[in-house]
Amino acid sequence: MQEINNTRYFQVQKEQEVQARDIIALVYKALTEKGYNPVNQIVGYVMSGDPTYITSHNNARSLIMKVERDEILEELLDDYIERNLK
């Protein structure tokens, strides 16, 4: 009966935070493996928000939906600027 009166501590482990850069790389690889043009497919997804542009191969569709589309665009633009304008 004493256990009913005691407060138990329950800790949920947080899901590991995923970086947009890592997701883009995984999605790119999955699209390439399935024979799609990854640039066209990712652009289609970013512009429309329609996840069917991304294959479900290797869980790519679920992964890309874990980050906001503006985060994907920001990551791509940052990389472009870093490589071409600095």
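Predicted model: local features only at pLDDT ≥ 70, side-chain atom pairs only at ≥ 80, totals over all residues.
1. Residues are numbered from 1 along each chain as its sequence is written. Local features need pLDDT of at least 70 and side-chain atom pairs count only at pLDDT 80 or more, while totals for chains, interfaces and linings use all residues, and side-chain values use heavy atoms, with hydrogens and water left out.

2. The whole structure holds 4 salt bridges (a side-chain nitrogen of Lys or Arg within 4 Å of a carboxyl oxygen of Asp or Glu). In one of them R21 pairs with D79, with the closest N and O atoms 3.9 Å apart; R21 lies in helix 2 (residues 20–33) and D79 in helix 5, so the pair ties together parts that are 58 residues apart in sequence. Helices here are DSSP runs of H or I with at least four residues, numbered from the N terminus.

3. D79 also forms a salt bridge with R83, the closest N and O atoms being 2.9 Å apart, and these two residues lie 4 residues apart in helix 5, about one turn of the helix. R21, E75, D79 and R83 are linked in a network of salt bridges.

4. K29 forms a salt bridge with E33, at 3.9 Å between the closest N and O atoms, and the two are 4 residues apart in helix 2.

5. N58 and N59 deserve a look: neither is a glycine, yet N58 has a positive phi of about 55° and N59 one of about 65°.
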